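Dear colleague,

Please find below the structure I am handing over to you, together with its sequence.

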Amino acid sequence: MMTESESQPNVSGPDDASLRSLAHGQPLVVTPATTLRETLYRISQGREDAAVIADEATGLPLGLVTLREMLHVISFEGGGLEDPVAVHMVGAPLTLAADAPSHRAKVMMAKQGVGHLLLTEPDGRLFGLISPADLLGLRAGGAEALIADIGAARDLDAMTVAADRVRRRGAELFHAGMGVESLCQWMSGLNDLIGMRIVELIEDEFELPPVPWCWLIFGSEGRLEQTFATDQDNGLLFVPPDPESTEALREAFLPFAQAVNRALHHCGFERCRGDIMAGNPNWCLSAAQWQQRFTDWLWTPDPEALLHSTIFFDFRPLYGSSEPVDRLRAWLIAEAPSHGRFFHALAELALGAAPPLGWAGQFTFDRNRDFPHTIDLKLQGARYFMDAARLWSLKQGIWATSTAERLRASGDTRGRRREDTAAEVEAFHLIQRFRINQQLQSKDPDAVNRVDPDDLNELHRLMLKEAFRQARKLQIRLRQEFGL
C-alpha cells in the first residue's frame with residue numbers, strides 16, 4: 001500500500017529534535033551526603049523515578065540513583081536508610097549534550113541498555129534527565145530482539161545475520177504501512193547500532209593511538225534517511241596533541257578504517273562507488289583538517305566543492321568521541337551563513353534539473369537507454385527537497401541534518417505557513433515511499449530508484465505528479481530568493 005498509516009508502529013517525532021526540547025521539568029537533584037531516606041521521601045513527593053547526585057559547590061553531576069536501585073539495596077543488600085546516597089549511586093552516568101539530537105540518545109540508551117541519560121550544558125552543568133518515556137520510538141516495531149542480536153554478535157558472520165534481520169523486519173513494517181519518516185528513523189537507529197558494533201569488533205583487533213577520535217557518517221545515513229539500497233559514506237576524525245603528529249596518526253588510523261570499511265561491506269553495506277570512506281586518506285583527517293576542508297568548500301564553491309557539500313554537510317558522529325564532531329558542527333552552522341557566494345552557487349546546483357513534469361502536466365523522461373520511460377526518483381525527485389532543505393538549514397544556522405526536520409525548522413525560521421511546510425514534507429515522504437517500494441521489488445542495483453509511471457495506478461500517478469509540483473514550488477522559491 002502506498003499511503004501513510006497512522007495505525008502502524010510509529011516513532012515519536014523527528015529524530016533531529018533537540019534533547020533540550022524533549023526534557024520535561026527539572027530532575028530531582030540531591031547532594032552526595034543526602035540520606036537514602038531523604039532521597040526516597042523526595043522521590044515520593046514528586047513523579048520522578050530517579051535522582052541526580054550533584055556536587056554541592058559546583059552543581060556538576062556526579063552520579064545517578066534510581067528508585068528501583070534504592071529499593072533493591074535496602075531490601076537485598078543490607079543498605080540502611082541513613083546511608084549517604086553517594087554510597088549507592090551509579091558514578092559517571094551516561095551524559096549527552098542537551099543540544100544533541102534525540103536520535104543519538106535513542107541509540108546510546110539502546111546500546112548501553114540504560115533507562116536514564118543526563119543532559120548537560122556546554123560547561124558541564126546539569127540541564128535535565130531523559131528517560132525512554134521521553135524518547136520512545138527505537139524499540140517500536142518489534143526491535144527488542146534485533147537490538148539484543150546486535151549487542152550479542154561476536155563476529156562479522158553474526159553481524160551479517162543481524163543486519164539481514166533488520167532489513168527484513170524493515171520491509172515488513174513498510175508493507176504494513178509504517179510511515180516513511182518513522183521507518184527511516186527506525187532503520188537508521190538500528191543501522192547505527194550495527195555500525196557501532198562493527199566498529200567495536202574491529203577496534204578490538206587494533207592498537208589505536210590514545211587520542212580522541214570519531215567515526216563519521218555522511219549522506220543518507222547522516223540525514224537519517226537510509227533506505228534499502230544504500231552504500232557507505234563515512235570518514236574518521238581524530239584530534240592530534242600537536243599539528244606535527246597529524247600525518248603519523250593518520251597512517252596509524254588508516255588500516256583500522258580500511259578494515260571497518262571491509263567489515264561493513266561484508267555485512268551488506270556496499271562500498272561507496274566514489275570512495276567516500278574512512279579508509280581513503282582524503283577522508284581520514286584531523287579535526288583541524290576537517291574544518292579546513294569545509295572552509296575551502298565555503299570559500300571556493302567550484303563544482304567539486306558543491307558536489308561534496310551534498311554529501312559531507314550532512315555529517316553526524318557515529319562512534320567514538322562525539323565532542324570534537326559537535327564542535328565542528330557548531331563552528332559550521334555559525335560560519336556558513338556569511339558565505340553568500342557559496343549559497344548562490346548551491347542554489348544554481350539545486351536548480352540544475354527541473355522536476356520531470358511537462359508544460360501540460362505530463363511526465364517527462366531522461367534519455368537513459370537502459371531504462372527508457374522511467375523516472376529516477378532519487379535524482380529527479382527526492383533530490384529537490386534534500387538540496388533546498390540543506391541550503392536553507394545551512395544559511396539559517398540550523399543544526400538538523402534530516403531533510404524533513406530541515407524543512408520544518410527553516411520554514412518556522414522564515415515564517416512560512418505550517419501547512420505549506422507540511423505539504424513539502426509530505427511530498428518528500430511520498431517520493432521516498434515510491435523509492436522504497438521500488439527498492440524492495442528490483443534486483444538490479446541500477447534500477448532501484450527508477451519507476452515507470454505506467455506501472456502505477458491512476459491515483460498514485462496523480463499523487464506523484466502533485467509531489468513534483470511541490471518540488472517545482474521549492475525551485476520557484478529558490479529562484480526568487482537568489483534572483484536566478
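**Overall architecture**

Of the 484 residues in the protein chain, 55% are buried. Please note that the model is a predicted one. The chain holds 18 helices and 13 strands. Its radius of gyration is 24 Å, close to the 23 Å that the globule rule gives for 484 residues, so the chain is as compact as a globular protein of that length. The C-alpha trace spans about 80 × 55 × 50 Å along its principal axes. Among contacts between residues at least 6 apart in sequence, 72% join residues at least 24 apart. The protein chain exposes about 21,500 Å², and carbon and sulfur atoms supply 52% of that area.

**The largest pocket**

The largest pocket contains about 1,600 Å³ of space. It is lined by 45 residues, of which Ala229, Thr230, Asp231, Lys378 and Asn449 are the closest to its centre. Which elements supply at least two residues each to this lining? They are helix H7 (156-175), helix H8 (180-203), helix H9 (219-222), H12, helix H15 (378-395) and helix H17 (418-441). H15 gives the most, with six residues. By residue class, the lining of the largest pocket divides into 14 nonpolar, twelve polar and 19 charged residues.

**The second largest pocket**

About 790 Å³ of space lies in the second largest pocket. Its lining comprises 29 residues, and those closest to the centre are Leu96, Arg104, Ser322, Glu323 and Asp326. Two or more residues come from each of strand E5 (95-97), helix H4 (102-112), H8, strand E11 (316-320) and helix H13 (323-335). The largest share, six residues, comes from H4. The lining of the second largest pocket divides into twelve nonpolar, eight polar and nine charged residues.

**Individual residues**

Leaving aside residues up to four places away in sequence, His308 touches Trp283, Trp297 and Phe313.

Thr39 belongs to helix H2 (residues 36-44) and, at 0% relative accessibility, counts as buried. Not counting residues up to four places away in sequence, Thr39 touches Leu28, Val30, Thr34, Ala51, Met70 and Val85. Thr39 and Asp444 are 405 residues apart in sequence, and their C-alpha atoms are 61 Å apart in space.

Two further residues may interest you for their backbone geometry. Leu224 has a positive phi of about 60° although it is not a glycine. Leu224 lies in the loop between H9 and strand E9 (234-238). His373, likewise not a glycine, has a positive phi of about 60°, and lies in the loop between helix H14 (340-350) and strand E12 (375-376).

Are these two residues buried or exposed? Leu224 counts as buried, at 5% relative accessibility. His373 is partly exposed, with a relative accessible area of 34%; this value falls between the 20% and 50% limits, which means that neither the buried nor the exposed class applies.

Yours sincerely

Technical notes: Residues numbered from 1 in each chain as written. Predicted model: local features only at pLDDT ≥ 70, side-chain atom pairs only at ≥ 80, totals over all residues. Heavy atoms only, no water. Contact = heavy atoms within 4.5 Å. 1 Å grid on protein atoms, 1.4 Å probe; cavity = no way out; pocket = protein on both sides within 12 Å on 5 of 7 lines; lining within 4 Å. Points joined across faces, edges and corners; volume = space filled by probe spheres on them. Helix = DSSP H or I, 4+ residues; strand = E, 2+ residues; numbered from the N terminus. Nonpolar A, V, L, I, M, F, W, Y, C, P; charged D, E, K, R; others polar. Rg over C-alpha atoms; globule rule 2.2 N^0.38 Å. Buried < 20%, exposed > 50% of the residue type's maximum accessible area, 1.4 Å probe, protein only. Areas by Shrake-Rupley, 256 points an atom, 1.4 Å probe, with all protein chains shown as cover.
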